[in-house]
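Dear colleague,

My notes on it follow directly after.

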Amino acid sequence: DSLGPTVTVGEILAEIVATTRGDGFRAAQPLVGPYPSGAPAIFIAQCGRIGGAAAMVGAVGDDDFGRLNLDRLAADGVDVSAVAIDPEHPTGSAFVRYRADGGRDFVYNIARSAAARLSWTGAVAALMSGAGHLHVMGSALSMPSAAAVIARAAEAVRARGGTLSVDPNIRKELRLDAETEARFAALVDRCDLLLPSGDELERAAGVDGEAEAIARLFARGVAEIALKRGADGASVFLPDGTRHDAPAFVVDEIDPTGAGDCFGGAYVACRRLGMDPDRALTYAAAAGARNVTVRGPMEGAGSRAELDTFIAGTPRR
Ligand code: ATP
Ligand code: MG
């Protein structure tokens, strides 16, 4: 990654997790947290832990939820020089509780928090003038200020010969407004690497069927597709027709949040460090699997050494 750090732009959140399974938050209950969170923040923390040059564009409030995140990102080796501290708005937050059926209930404070108030500051411009790769989380596009910064950041990276990856992170049922949908499609068209999960592949391609979707995306110029399949592992598809399958590590799932983000952070970091798709995919699958074994959205993100230990000591299906 001699061209410069991997950068992501988007929401930074504090997450509070219910320790009992059940429906929602309409009664007093045990909670644990705050944990640093936000899909882009989880991605970049995992990227930094692996040892890839990493930086984040985002905003936090002037409060402990913000400091929690800044301290963690810095500890993971992430450059936070372009994370703004908003004096007027609190750090974004998310409360999550798992239902007995595996579903999730959330209470969010994002749209009215610092997380959703980004701008193209001097610090962002300075960072992007030296960035080598931009990773975009679809979830960030639903915040208009982030979408604007992402569009400009994509131009900046593109102009200096850098690369772009996109994790749709948008469930099939989720309807975006026309403008956000168009922005998403434009990013898919320009991306080098797409990291969809499950039916996001077909949604991003706009056609049904795995093989059809992959062919359509390659025709649109995508150069590499890493498909996530939860506990069933993951696969990488390349335009030359080759396919690489990741081992599905057998783990005890404590908290599934953040698996996809850790997978992406590890995959992008490893590829940018020069690893081939097979090796990067093994690290990515290990990063996702390891993260679900620990409560908290990024608490289980692993360093290169921790992932080596995990890979050596974890059975595969
Ligand atoms: P997220 O909920 O964070 O958006 P995602 O849907 O994007 O997640 P997943 O497919 O859930 O992504 O997880 C990413 C990868 O992590 C998987 O492809 C797999 O390799 C690994 N992984 C996730 N959950 C498990 C699990 N329970 N057991 C083993 N590996 C897992
Ligand atoms: Mg995901």
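In which sense do strand S6 (residues 92-98) and S7 pair, and over how many bridges? The two strands are antiparallel, and six bridges link them; Val-96, for instance, has Phe-106 of S7 as its bridge partner. Strands here are DSSP runs of E with at least two residues and helices are runs of H or I with at least four, numbered from the N terminus; two strands pair if DSSP finds at least two bridges between them.

Please note that this is a predicted model, in which local features need pLDDT of at least 70 and side-chain atom pairs count only at pLDDT 80 or more, while totals for chains, interfaces and linings use all residues. Residues are numbered from 1 along each chain as its sequence is written, chains are lettered from A and ligands numbered from 1 in the order in which they are written, and side-chain values use heavy atoms, with hydrogens and water left out.

The sheet

S6 and S7 belong to an open sheet of four strands, ordered S3-S2-S6-S7, with mixed pairing. Strand S3 (31-37) and strand S7 (104-109) are its edges, each pairing on one side only. On average, neighbouring strands are turned by 20 degrees against each other, direction ignored. Helix H2 (residues 64-75) packs on this sheet and touches strand S2 (13-18), S3 and S6; the direction of H2 makes about 55 degrees with that of S3. Contact means heavy atoms within 4.5 Å, and angles run from 0 to 180 degrees between N-to-C directions of axes fitted to C-alpha atoms, for helices over the stretch in contact.

Strand S3 also contains Pro-34, which is joined to Gly-33 by a cis peptide bond with omega of about 5 degrees.

Pro-247 and helix H9

Pro-247 lies in the loop between strand S13 (243-245) and helix H9 (259-272). At 16% relative accessibility, Pro-247 is buried (under 20% relative accessible area; exposed is over 50% and partly exposed in between, with a 1.4 Å probe and protein chains only). Leaving aside neighbours within four places in sequence, Pro-247 contacts Thr-282, Ala-285 and Arg-316. The C-alpha atoms of Pro-247 and Arg-316 are 5.8 Å apart, although 69 residues separate the two in sequence.

H9 itself is largely enclosed by the rest of the structure, because 11 of its 14 residues are buried.

Asn-169

Asn-169, in the loop between strand S9 (163-167) and helix H6 (178-190), has a positive phi of about 45 degrees although it is not a glycine. Asn-169 is partly exposed, at 25% relative accessibility.

With kind regards
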